[in-house]
Amino acid sequence: MRVFEKNPLEKGLAERLREHGVSRRGFLKFCAATASMMALPPAMIPAIAAALERARRPSVIWLSFQECTGCTESLTRSHAPTVEDLILDLISLDYHHTLQAAAGEAAEAAREQAMRDNHGNYLLIVDGSLPGPDANPGYSTIAGVSNYAMLMEAVEGAAAVIAVGTCAAFGGLPAAAPNPTGAVSVMDLVKDRPVVNVSGCPPVPMVITGVLAHFLTFGRLPELDEYHRPLAFFGQSIHDRCYRRPFYDKGLFAETFDDAGARAGWCLYRLGCKGPSTYNACATMRWNSGTSWPIEAGHPCLGCAEPRFWDAGGFYVPLSVPTGPAQDYLLAAGALGAVVGGVVATSARGRVKAEAAVRQPVTVEELEQKL
Amino acid sequence: MSATPSSTGSPESSPFTLERGLAAFRAEIDGPVAAFFSSCVHCGVCAQSCPFYLETGDPKYTPILKLEPLRLIWAAEFTLLGRLKGFLGLNKQVTDEMLSEWEELIYDSCSMCGRCSLVCPVGNDIQAMVRKTREGMVASGHAPEGLIGASVRAVQTGSPMGLQWKTLQVQINHIETSTGLTVPVDQAGVDYLVMLSSMEVINFPEYLEAITRIFDHAGVSWTLSTQCFEATNAGIQIGNKDVAALLVQRVVDAAVALGVKNVISPECGHAYTAIRWEGPNLIGRPYPFHAFHIIEVLDQLRAAGRIKTEGMETDRLSLHDPCNLARKSGVIQQQRNLMDLVAENFIELKEHGRFQWCCGAGGGVSSNERAEPLKLAAFKMKKAQIEEVEPERMVTMCATCRTQLEEGLEHFNMDIPVVGLTELIAEHLVEREPAEQAEGAT
């Protein structure tokens, strides 16, 4: 992996990949995977291949603020050779705290040079939230520069900003109540550049690379939802794509983590699964090269890719049960409605059972009396 | 209990009461029913898909309106608003009078063909709810006499028309004489157990003969069972799961007793959906065998190259898809594959397959003498379709559809004969060496 390369090479990508032992076939496989990830028709594969072959490696500056490095781990801890490995060949990662070999002044100099050389064209990737302009800047600094100042300086020459992970996208853990550092998301601060939120704690690695590949192929960012997340990956809820969905539809729920239902793979809704309100690609792409994903491992979805992750209620509290103190009357009314609805539904279900129990079977002898 | 009316009691001393009916209605209200009623947008598209409404022009035949008793109970007892209204005494009550009025809508003017379910823009399965509503109608004493009679005969004699094995034995003797083949009876361990409908035994004996010849030709091991030969299910038509389960159980017992691998439903639409789709749910466990319609089996044999035909029908032929087969079960291409074997001048009705119009006799309408005028009214839709393509003969694969087509065409003075697809195939089988069939011939 090349890190800290100051100048994007002038060679085409395909040539570069061959130099690194990636065959033509491997390259086309990557293009096909990219097309399918982005939900593009197979006819687009040659177009992607052609575009990527011609692509100059864009400069990428990766800023890490109040984060746990989980997002970077997610991107790099995948089995080689994969899309993730290839994508790092696609870009010139000119500055990345964790990955770069350089340290101290040399590292910061590299960042400044990349910003100068590629002004207006580089991609700015941010992971982690940062203390807002009104917060004490001392909570998080790099080389003596506050996160806020560094972000604003870097945004200036960026073509687009990709907020990787829920902290960067929505504030995440650092912004959870009571939010001692006054943390805010990237989207809260950057208003004059396109922002893509690749949320998730951590985000699915293929989603990060998918967004980068889209940018390289088409020279623009993918289509986004109302939370600025790429629709290709965040268009469907976990619930809609969950392999346990048939059990939900049948009303078969695990009640504890080790009951017979849990062992039989029933729906985890009553154990607090946030699948119905969470939009992400876990259910289709899964993790660790498609090995498994949280729900397959027997744990309910935490809703980590959604805004207000951490503050949206208890992990193990079912969705329809109100969580935490009501924040306003509307929420209180909604919660009351949910409770009453739940009570009515429960009593209605009890009703059907009771009526089914007292329903008298019809016999032919009785029918014969009617003749 | 909310404010449901206390039964005024039926005039005669019937075992069926309003309370018993309401309990049966309530027992039928499950998640899907609640979802369907809450999502109905009152668009009226179901009316435009119903031959009973279109041919009579009477808005009371709008499919969703047929469910009003079930809907009222759902709204009053299973929704919050309904329960609040119940405290204030504002709910409309389901009474015996109302059910009497609805009896015609639920039984006489609905063949449960499912076209309304198909076109509903919000996906409400209206015909399934009609089936559920019938449970309450039976239990409250509002089922039509024709269907009660058919159910009683089906349970007591084994056939809704009161047929017994000796009648079938006479047909078997005829077939064995005319074909020189043996009709296997009570053969254990064979591949297929063939079930019949009474209609085929009485009105269309050529059907059994055709099966005998085709299976002999294709080398299929099969049998009839003296224990149970009738697969039609009057319990499904009248809408009672107790009777329906009992009748399905008989078929299962016969199949298990003989240890067959497959059961073939006759050329009868509702018998097929009863045995194929509803059966395991009714008896509460999976079958130890597979269930097929005869048309599916014939198409499998065709695909395996085991049916060799010669000659083609030159008449202009068209096809009526039975709703239970095409719309409800997706058996659409199979009959067309078989038609291609033997018909060189085949023309589709304009709306066919999944979207065909019902003949008007299904869902117990044909066993319900009172419904005769409505049945013929609904047939006008089919008649118009047939007139459009002017076939010389019609082909179908359901004994009830076939009877209705014959009666309807005759009623409207149209000289178009109707043939069964199985017979049509049998007529074109390549003749085998005489030596092989000499055995058993007189």
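This is a predicted model: local features need pLDDT of at least 70, side-chain atom pairs count only at pLDDT 80 or more; totals for chains, interfaces and linings use all residues.
User: What makes the charged end of Arg402(B) count as sitting over the ring of Phe204(B)?

Analyst: The charged end of Arg402(B) is 4.0 Å from the centre of the Phe204(B) ring. The distance part of the rule asks for CZ of Arg within 6 Å of the ring centre, plus a position within 35 degrees of the ring normal. Arg402(B) is listed as sitting over that ring. Chain B has another case: Arg115(B) lies over the face of Trp357(B), at 3.6 Å from the ring centre.

User: Why is the pair Trp165(B) and Phe229(B) called edge-to-face?

Analyst: Two checks. Rings pair if their centres lie within 6.5 Å, and planes over 60 degrees apart count as edge-to-face. Here the centres are 5.9 Å apart and the planes sit at 65°, so edge-to-face it is. Over all chains, the count comes to 16 aromatic pairs.

User: What parts of chain B does the pair of Trp165(B) and Phe229(B) tie together?

Analyst: Trp165(B) belongs to helix H11 (residues 165-179), while Phe229(B) is in the loop between strand S2 (222-223) and helix H14 (234-238), so the pair links parts that are 64 residues apart in sequence.

User: Are Trp165(B) and Phe229(B) buried or exposed?

Analyst: The cut-off for buried is under 20% relative accessible area. Trp165(B) comes in at 17%, so it is buried. Phe229(B) has 7%, so that one is buried too.

User: Which residues of chain A form one aromatic cluster?

Analyst: That cluster is made of Phe257(A), Phe309(A), Trp310(A), Phe315(A) and Tyr316(A).

User: Which residues does the UniProt annotation "binding site" cover, and how do you know that they cluster in space?

Analyst: The unreviewed UniProt entry puts that label on His239(A), Cys242(A), Cys267(A) and Cys273(A). They are spread over 35 residues of sequence, yet the largest C-alpha distance is 11.2 Å.

User: Why does Cys242(A) count as buried?

Analyst: Its relative accessibility is 12%, and buried means under 20%, so Cys242(A) qualifies. Cys242(A) lies in the loop between helix H12 (238-241) and helix H13 (245-250). Leaving aside neighbours within four places in sequence, Cys242(A) is in contact with Ala283(A), Trp293(A) and Ile295(A).

User: And what makes Cys273(A) buried?

Analyst: Cys273(A) has a relative accessible area of 7%, again under the 20% limit, so the answer is buried. You'll find Cys273(A) in the loop between helix H14 (260-263) and helix H15 (282-285) of chain A. Not counting residues up to four places away in sequence, Cys273(A) touches Leu268(A), Ile295(A), Pro300(A), Cys301(A) and Leu319(A).

Technical notes:
Residues are numbered from 1 along each chain as its sequence is written. Chains are lettered from A and ligands numbered from 1 in the order in which they are written. Side-chain values use heavy atoms; hydrogens and water are left out. Rings of Phe, Tyr and Trp (its six-membered ring) pair if their centres lie within 6.5 Å; planes under 30 degrees apart count as stacked, over 60 as edge-to-face and the rest as tilted. Helices (H or I, at least four residues) and strands (E, at least two) are DSSP runs, numbered from the N terminus. Buried means under 20% relative accessible area, exposed over 50%, partly exposed in between (1.4 Å probe, protein chains only). UniProt positions are given in the numbering used here, feature names are shortened, and annotations may be inferred rather than shown by experiment. Contact means heavy atoms within 4.5 Å.
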